[in-house]
Amino acid sequence: MVSNAVRHTKGPAALRVRWSSPGTLRIGAWDADPEPPEPPVPLERLGEVEDGRGLALVRACSDLWAWQPLSRFGNRGKYVWCEPTAA
């Protein structure tokens, strides 16, 4: 998620990792671009492409993922997060 934020947006990006509830890890990336991320394509449909797998991997490894637009102190952006599947 952070590599997507750095690669596909201009400006700052940040990583946040926290326990959102007992036993639930939430990993998220913030960037300054308010545009929503492209919806992930199922991994089996990607074949041998060399890019475009970021959110597909997040979706495949997570119980839950989402994004939300942000506005804080007049700055707009978005936050993309996931809750990884317990192993």
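View 1. A polar atom of the D31 side chain lies 2.9 Å from the backbone nitrogen of D33. This is a predicted model, where local features need pLDDT of at least 70 and side-chain atom pairs count only at pLDDT 80 or more, while totals for chains, interfaces and linings use all residues. Residues are numbered from 1 along each chain as its sequence is written, and side-chain values use heavy atoms, with hydrogens and water left out. The side chain of D31 also meets the side chain of K78 in a polar contact of 3.0 Å. (A polar contact is a pair of N or O atoms within 3.5 Å; within protein, one must be able to donate a hydrogen and the other to accept it, and residues adjacent in sequence count only if both atoms are side-chain atoms.)

View 2. Look for D31 in strand β2, which covers residues 24-31. (Strands are DSSP runs of E with at least two residues, and helices are runs of H or I with at least four; both are numbered from the N terminus.) Is D31 buried or exposed? D31 is buried, because its relative accessible area is 4%. (Buried means under 20% relative accessible area, exposed over 50%, and partly exposed in between, using a 1.4 Å probe and protein chains only.) Leaving aside neighbours within four places in sequence, D31 is in contact with A5, T9, P12, A13, G77 and K78. (Contact means heavy atoms within 4.5 Å.)

**View 3. S62 in strand β3.** Here you can find S62, a residue of strand β3. S62 counts as buried because its relative accessible area is 13%. A polar atom of its side chain lies 2.6 Å from the backbone oxygen of V58. Beyond the neighbours within four places in sequence, S62 touches C82, E83, P84 and T85.

**View 4. A66 and its partners along the chain.** A66 belongs to strand β3, residues 62-72. With 23% relative accessibility, A66 is partly exposed. Which residues does A66 contact, leaving aside its neighbours within four places in sequence? They are Y79, V80 and W81. A66 and Y79 are 13 residues apart along the chain, and their C-alpha atoms are separated by 8.4 Å.

**View 5. Stepping back to the chain.** From the N terminus on, its elements run α-β-β-α-α-β-β. Of the 87 residues in the chain, 24% are buried.
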